[in-house]
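Let's take a friendly walk through this protein, starting with a word about terms. Have a look at the model first, then read on.

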Amino acid sequence: MIFAMRMTFTRRPGIPCGCPPFRIAIMLIILATLVSCSPVGPDYIHPEPAVLTAYSVQTAPVQDILSATELVSWWQLCHDELLTSLIVQALENNSDLRIAELRIRQSRAEYRMATANQAPGIDTKGSYTSSRRSENILGSTRGTTQELFDLNLDVAWEPDLFGAIRRTAEQAEALLDAVRENRNAVQVALLADIALNYFELRGNQQLLQTSLANIRVQEETLALATGLLQSGLGNRLDVAQAQTQVDLSRSRLPALHNNIDQTTFRLALLVGIAPSQLPRNLQTLKDLPVLPTQLPQLLPTELVRRRPDIRQAEQQLIAANAAIGVAIADLYPRISLSAVLGLQSIHLTDLLQFGSRYWNAGPTINWSLFDGGRIRANIERQRAASASAEERYRQVVITALNEVERAATELHHEQNTYQALEKAKATAVNAVDLATGRYRSGLTDLSEVLGSERTLFQLQEQLITSHRKLAADTVLLYKAFGGGWSVPNVPNVPHVTPTEDHPK
């Protein structure tokens, strides 16, 4: 770095050019000029990952686009007050979210500490000492007692000549923003997990109710077989087969109850409360919510600006880039300015007099001339860390795009599966009616009825499972698009005032 400066000074009568205040003034002007220069190290350049302009699968029909406002609070599309209340409770009580918010406070304090180094430090100190010289020494002052009163201000400042402090502040600010984005990512994942577990709970409850209903049908079949046996038209094998089917269906009930309990416990943990504090109506049977067909239609470039994990990765890259400048600044000298201004007197009554003043000021230069290559090795380390952070940023972007593609594909195929299962169920209901009628008429044996019933029951369970998976796949697609939090300064995304102001 080369600095050129031309200054012209006019000597005033009575002020010698060599006096300390004049030299200090010249030094301050020079330092102010140097500090205004750009800091060393590379300036951050936003990387442009290889992002496609469109997805390989269509996430939604053009006429059924989910708005950005709805994506921010996608759970309201379920029109389920209980789910909404669980999410509201989780935003207040979830421990992971609280920890993420506390980390923001910690990072904000670290940012303030980094920026505080740009300003001079001023300390004040006062002291009183009393001393007595020995009488058994030589000198005219032996045996005398002396008091000393001292009051001073200590001013210290390190001019940021080459930008080390500015790069450190830049790094701290980026890390603060990264912690903020981590909190947003935690919220996105939390809201999706609550909905997924809620849907699983409702699906397990429906499976339980369907199993109980099927057991009642099987008990009616058992009663029919027993009645035919008693009337001499049946046989013991049919009764035994019907009883076996009833017992087998009943054996599955404990597992279903356990699944409901375990899902309830997970929900309580996500919400941040004890299981006993969950709403009582959570155990009341309720149908799975039907999510709308509207799906997000954000372009890949918009997705990169919206997802909090991508934004977090970029802030970490900015911090790693700033760390290079901090390391490079160690190659250059560091200048510290210090001054002590004070009052000193042997009598307290004279302390505030003009003649009691004293001062001490001057610069200190610290420059590492030989360190065995430590500084340059650190520069190389920071450059490698920055390159690694950039590669991780690109990886996060590709992963996000992949999640959107997978979620959209899963949802598309599950919709086809659900429609096929609905048709198969209608056919299976008709098959059970026909088999039961034939058995009553003595045209077939009970195995045909039992086989038809098993097929129908399996289809009913598969239909419930597919419905639950449809809801889960929709939520996973919302999550893949970064739904669940608001993004300022992104097109078509509403701005929500953050809970904590940015320190800038």
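A residue is called buried under 20% relative accessible area, exposed over 50%, and partly exposed in between (1.4 Å probe, protein chains only). What you're looking at is a predicted model, where local features need pLDDT of at least 70 and side-chain atom pairs count only at pLDDT 80 or more, while totals for chains, interfaces and linings use all residues. Residues are numbered from 1 along each chain as its sequence is written, and side-chain values use heavy atoms, with hydrogens and water left out.

**The overall picture**

The protein chain has eleven helices and six strands. Both are DSSP runs numbered from the N terminus: helices are H or I with at least four residues, strands E with at least two. Of the 504 residues, 39% are buried. The chain exposes about 28,600 Å², and 55% of that comes from carbon and sulfur atoms; such areas come from the Shrake-Rupley method with a 1.4 Å probe, and for residues only the protein chains shown count as cover.

Contact here means heavy atoms within 4.5 Å. Among contacts between residues at least 6 apart in sequence, 84% join residues at least 24 apart.

**The inside**

A nonpolar core is a set of buried Ala, Val, Leu, Ile, Met, Phe, Trp, Tyr and Cys residues joined through side-chain atoms within 4.5 Å. The largest one has 65 residues, and L83, L86, I194, Y198, F199 and L282 touch the most other members. Helices supplying at least two residues each include α3 (81-93), α5 (164-230) and α10 (374-440). The largest share, 13 residues, comes from α10.

What does Y198 touch, once neighbours within four places in sequence are set aside? Its contacts are D80, L82, L83, L86, L267, L282 and K286.

**Charged pairs**

The structure holds 18 salt bridges, each a side-chain nitrogen of Lys or Arg within 4 Å of a carboxyl oxygen of Asp or Glu. Here are three of them.

| Pair | N to O distance |
|---|---|
| D177 and R180 | 3.2 Å |
| E181 and R311 | 3.1 Å |
| E219 and R250 | 2.4 Å |

D177 and R180 sit three residues apart in helix α5, so about one helical turn separates them. Both of these residues are buried. E181 in helix α5 and R311 in helix α9 link distant parts of the chain, 130 residues apart, and E181 is buried, with a relative accessible area of 9%. E219 in α5 and R250 in helix α6 (residues 236-251) are 31 residues apart.

There's also a network of salt bridges linking E410, E414, K469 and D473. E414 lies in helix α10 and is buried, at 10% relative accessible area. Beyond residues up to four places away in sequence, E414 touches S466, K469, L470 and D473. Its side chain makes a polar contact with that of S466 (2.6 Å); a polar contact is a pair of N or O atoms within 3.5 Å, where within protein one must be able to donate a hydrogen and the other to accept it, and residues adjacent in sequence count only if both atoms are side-chain atoms.
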